[in-house]
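Hi,

Here is the structure I promised to pass along.

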Amino acid sequence: MAYVIGDGCLDVMDRSCVDNCPVDCIYQGTRKLYIHPDECIDCGACEPACPVEAIFQDVRVPEGQRGHVESNRAFFAEIGSPGGAQSFEGPLGPDRLPGEQVGQ
Amino acid sequence: MTPLRHVAVVGAGPSGVYTAEQLAKVHGLGVDVFDRLPTPYGLLRYGVAPDHLTMKRLTATLEKALLRPGIRFFGNVEIGRDVTAKALRERYDAVVYAVGAPDHHQLGLPGEELPGVLPAGDFVSWYSGHPDAAPVTGLGAVRSAVVVGAGNVALDVARVLARATEEMAATDIPDEVLAELAGSAVRDIHVVARRGPGEVRFTAKELAEFGELKNADVRVHAMVDELAAAEGPCADLFRTWTQRLPVDRPRTVHFHFGRVPTRLAGPGRVAEVFMASGGAATAQPRPLPAQLVLTAVGSRGRPVPGLPFDEERGVVPHTEGRVRADAPNREYVVGWIKRGPTGVIGTNRADAMATVRTLMADLAGIPEDAGPARPFDDGELEAAVDWAGWTGIDATEVLRGTDRGAARVKVGTWDELLAAAHGDSRGITAFEKG
């Protein structure tokens, strides 16, 4: 299990969640942030930290935003497990959004 | 050349480690982290439930932080016993207290002193293998346990009591604890909340685990109207469980709402919990049988020698992390001794960043050459357990885990911890001798 960032973050990227993540597993895209599904320890610190309530536990993602579970995973598919977001300035990779064909 | 500034951090739990990491990594300071235990990680090691294995993965993050250049670990050093607060003030450019909230609130009820009644926090310390924990015995005579409280600690102790022996064997609990739990005769675990099903302070994620327990069924004792009207993710779970068909499992976890314990009764040791109904119900609730009562009604900070203390809130008063804004002493607080026992582990990371901002702003205001810091030399504190000592304990625990198929099994006494830290662990010797 892991937490997932949904629609609310798109073009917002407040980043409060980043400072609250104990394992530093919230990475930046160009338009939104992504939680690494394998690095996340499921502690829940990010959920209340988000000012736009864009973060959900993966089993509780609301209808209509479920696609973010897969696109969060897809974001890291080629990147692997970088082991800490603080080492990166700027976007880590191209955005992955629900409904888009990966690879296009 | 700019003299290197040195900061002392008291407490090697998550908030202390995050503070040290910020100071060393972002600001390039030297940081000495002290802990009264010979082991780092604080409540991650001695508070996070042993079956929450995912959360324990945070250990790797904290280890990486403590291994940064510039950070040293001084375990088995208690401030006030081995080193005075004054010495820390004099030797370091700043001192950050990250000492947590180790004391437990009590119910203040008649019968609370009976054998079989203890703070849930003491039970947590016991199963976590804390070297100061009093052993829990007699679980073989407990058929019904009552847990008073509506927070996540109540859920932790209820879940540990509910789990099967083989589930707990895969965790890091000490062998003696596993043996005691294996002999448990517990059939019913009653979680008693003063609040209604919509007001409990459980984290929904942790409550949801009860629906997945292999060894226990869940029963919700709530009034139909009250449950129907309750809102929030916890209430959703409770409603789901009321619709579940009973399953035959060795144990049952019961959730009660709007119940206020009034009296614990013996004879000799606790046998019953009397309650009043706190909600709209008119009928007097029947007492619950209980041979074990765990009270999970909150924890609080303990006064730190030499620092002011807010008795009411159980915290050290501060302004943006700085203790005593008007005094020349550069003393700071972070974590639960600063905010009280709230938030999840990650909350401490943002909290540490806030305290470090204040500290760095203060340091910027003093001359670089004003009384350079005189941090302790390696080996100067004779009884201190350094990082190498901790790795000795760590290795011993990992080795013990191999016999049980667990990632580690904790060393739970002072003697064994110090022996392992000094490299003469019986476990390692036996292994080397083959």
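Let's start with the cysteines: this is a predicted model, and a search of the whole structure turns up zero disulfides over all chains. A:Cys9, for one, is in no disulfide, and the nearest cysteine sulfur, on A:Cys17, sits 6.5 Å away. A:Cys9 counts as buried, at 6% relative accessibility. A:Cys17 isn't in a disulfide either; for that residue the nearest cysteine sulfur belongs to A:Cys50, 6.4 Å off. A:Cys17 is buried too, with a relative accessible area of 6%.

Now for the interface. On the chain B side 19 residues are in contact with 20 residues of chain A. Between them the two chains bury about 1,500 Å², with 49% of that on carbon and sulfur atoms. Three residues stand out here: B:Arg57, B:Lys205 and B:Arg349 supply 36% of the area that chain B buries against chain A, more than any other three residues.

B:Arg349 comes up again in the polar pairs. The rule finds one salt bridge across the interface of chain B and chain A, and in a salt bridge the side chain of B:Arg349 meets that of A:Asp24 (3.6 Å, N to O). There are also eight residue pairs in polar contact across this interface, counting pairs with both residues at pLDDT 80 or more.

Which helix gives the largest share of the side of chain B that touches chain A? That's H14(B), with four residues. By class, that side of chain B has eight nonpolar, five polar and six charged residues.

Cheers

Technical notes
Residues numbered from 1 in each chain as written. Chains lettered and ligands numbered in written order. Predicted model: local features only at pLDDT ≥ 70, side-chain atom pairs only at ≥ 80, totals over all residues. Heavy atoms only, no water. Contact = heavy atoms within 4.5 Å. Buried area = accessible area lost by both parts, 1.4 Å probe. Salt bridge = Lys/Arg side-chain N within 4 Å of Asp/Glu carboxyl O. Polar contact = N/O pair within 3.5 Å; in protein donor to acceptor, adjacent residues only side chain to side chain. Helix = DSSP H or I, 4+ residues; strand = E, 2+ residues; numbered from the N terminus. Nonpolar A, V, L, I, M, F, W, Y, C, P; charged D, E, K, R; others polar. Disulfide = S-S within 2.5 Å. Buried < 20%, exposed > 50% of the residue type's maximum accessible area, 1.4 Å probe, protein only.
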